[in-house]
Structure formats: C-alpha cells, structure tokens
Amino acid sequence: MSASPFVIPPAERVANLPPYVFATIFRMKEEALAAGREVFDLGVGNPDGRPPANIIHALNTAVADDSWNCHRYSTFNGLPRFREAISAWYFNRFGVKIDPGTEALPLIGSKEGLANLMRAYLNTGDTVIIPSPCYPAYFGAARLCEAEIFELPLREERGFVPDLDGIPAEVARKARMLILNYPNNPTGGVCDLAFLAGAVDWCRANGVMLVSDIAYSELGFDPDDPPPSVLQVEGAKEVAVEFQSLSKSHNMAGWRIGFAAGGAEVIGNLGKLKSNVDFSLFGAIQMAGVEALTGSQRVCRENRELYLRRRNLMVKGYRELGWDVPKPPATMYIWARVPAAFGGDDAGFVREVFARTGVLLSPGSGFGKYGAGFVRTSLVADDGQIARIMTLLGGSGIAWS
Ligand SMILES: Cc1ncc(COP(=O)(O)O)c(C=O)c1O
C-alpha cells in the first residue's frame, strides 16, 4: 500500500485565488518559443527601454561609496534623501507640498504598495470599488484580503471615466476604498482635475478612501495638459492616497521602485504594516531614485515621444488592415474592440492572431468583466518590429473588420 503524498493545503485565501489571468498567454508564448517560432510579445506592458546613464551611475556610485554602507539594512520607511526627492518631485511636477518625514513612503514597486495598503485597510467582507477594466493586480490584492469587489464600469462612450453617481447606494455604504487609475491601464483614458475633485467629494461624503494610481502620469501625449495628481485637490490628503512608479516613466520596471504620498495617517499605517513584512528598498536603488526624481526628466519626455510615435504607427497599421482602433491620449497601450467577425470573443481573437502570426496581444476579459470584447496592445515593439508585425498581420487572412 503506497502512502498518500504529504500535502499541506494553502490557506483558503490562496487556494481560492483564480489562476493568474495571463497564465494561458504565457504558456502559449513559452510553447511557441520552444518550437522555435518567431514571437512578438505585445501582451505585457514591460518597457523595452533602459534607464538613462545618470540613473545607472547614481546606483553604481552608491554601491561603491565608502562614506556610507548601503549594503546594510535600510531604514523601514526608506532613506530620508529619497523621501525628500519624492517631496521635491511632487512640488516641481504638481505644486503639491508633501512632508518628507510623514507624508511620503518609498515602495518596492507600486504593486507592492497597493497590495499592502489593502492589507492595512480592508477587513474580510469589506467592499472595494475597482474600475473595470483595470490593472489586474488590484483584483488579486483585494481577493487576498477576502474583500468584496465591486467592478465600476469604465465605458468607451465616457472616455473610460466612471460615473460615480451611478454607484448603487448599497455599494457606497459598504465600500471602504475606491481605486482610480489615470492615465488608465488598459484603456489609455485620461481624466481632468475636476473629475478628481468630484471623486474626492464623493469619497468624503461616503466615508471611502480614494486610492489614486498614477503609474502613467508621465505618459500623457498632450504637452499642454499633463495628467494631474489627486493631491492637487484642496484637502485631498484627508481622503486620498496616491501611488507612483518609476517603472514606466524611467524604464525601471525591473528595479522595483515606486512610492506613496498622502496624509500622515494613511502613510503611517502603510509604513507600520510594511515594517512587519519588508525592510524597504536597497539603499543604492533609492539613491538612483533620488537621481531619477531630481535629475534631468529628459527620459520622461523621450518616452512620451517614443510611445506616441509607436501608437501612431500601430494605429495606422491596424486601420490599414481594416481594424478600426481608437487613438488613446496617453499610456503605452492601445485598447480596441475585437473585430466584429469574432463576435466579442477576445480570448478567441488573441489565440487566432497568435496562432497565425506569433503576435501576442492581451485579451480584454483578463482586465475585468467590462474588459470583455476588447483587446490590449502594448507598445513595446520598436519601429522595425512594428513594420514586421504589420506585414505578418496583413498576410494572416484574419477578418479585421
Ligand atoms: C496601473 C498600474 N499600476 C501599477 C503598476 C505596477 O507598477 P510597479 O512596477 O511600480 O509595481 C502597473 C504595472 O503595469 C500598472 O499598470
């Protein structure tokens, strides 16, 4: 008689997590690569550029600097110099004053901070209002808190900006947190300061924390109208906390560096939680962050120009195929309805395009229930690759209209 295998089941909150939304996509990609096929991965928003030399130099300098020892544990709430740089960046970019001692917190990427904020503020069964479609990590983080998720629809006809007055009173009563993300992943939608002011009012009236995620704030394409911060709204710090990332603006996705800014109370509680689970970022990465935030911001402008050019090339190519896609005003994504011939089956469309061409897109239903019927293209291919991709798509025999 063979002994049954020794298995310790995970906690229910982990066992109940649905598989990672893009697991199938990753598998398809791995299989194709193993079979020696040509693959163009436009599924993930993983910047293909490098951080500029001054940022890499700042990291190397800090690593080699004998006047302090960045190899020791950092402080729980990060280096004062990095918190001061966060404060300076907020003032230079938005005219917002942030107290570096109490209102700024370095993060090991904003994904970490968003998940830990939920852990710090959501009890089992609390409701969190999450825009849909959205960055899928919001769903996973909320599920790990065993929170109830209300998907707030972002509709194309409203420029992907939600109607907060349409939130049912029952949901508003039970909600503890509302997440907003502008410029928006995956839709590329933007919002103005007036909308954020209305959102602050709505949250104040309903006793809800407003969580603003501005990971794409430096990738707005209108030079005369850069994306706003919720903290520009008078009194917002009482209600709102904001998360920023250096992943997209400065091509530092792999470095894991971001930060939160907001009132001392929420920043203190997030810091308290984090002090029990991590030890802040590697000091040399924080010094690179100081350079990123206070040195030349040229990389942000170059990235804006790069993604705008790629957006124009991709949109032109898609439209020439006969696929009517919109031109998003920001971000590194194109969000479009799947061609009519696919009857709204976004996963089927993605499979078909991949099988025939090796071009990998993201199915919209992976971003929430209101993402169904759409598909996301990440602008992470260079001009030459875009030309090749368009040739492959054009020769694929797929019905684009
Ligand atoms: C909307 C949004 N927020 C946050 C993140 C995570 O950024 P970070 O790399 O700082 O964890 C992403 C990454 O794709 C994102 O799209």
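How many bridges join strand S11 (residues 362–363) to S12? There are 2, and the two strands run antiparallel. The model is predicted, with local features needing pLDDT of at least 70 and side-chain atom pairs counting only at pLDDT 80 or more, while totals for chains, interfaces and linings use all residues. Residues are numbered from 1 along each chain as its sequence is written, and side-chain values use heavy atoms, leaving out hydrogens and water.

**Strand S12 and its partners**
- Strands here are DSSP runs (E, at least two residues), numbered from the N terminus, and two of them pair if DSSP finds at least two bridges between them.
- Strand S9 (residues 333–337) pairs with S12 through 5 bridges in the antiparallel sense.
- Arg376 in S12 stands opposite Trp335 and is also the bridge partner of Ser362.

**The open sheet**
- An open sheet of mixed pairing is formed by 7 strands in the order S2-S8-S7-S6-S5-S3-S4.
- Strands S2 (104–107) and S4 (148–153) stand at the edges with a single partner strand each, so one side of each has no neighbour in the sheet.
- Strand S5 (residues 175–181) runs parallel to strand S6 (residues 209–213), joined by 5 bridges; Leu178 has Leu210 in S6 as its bridge partner.

Notes
Helix = DSSP H or I, 4+ residues; strand = E, 2+ residues; numbered from the N terminus.
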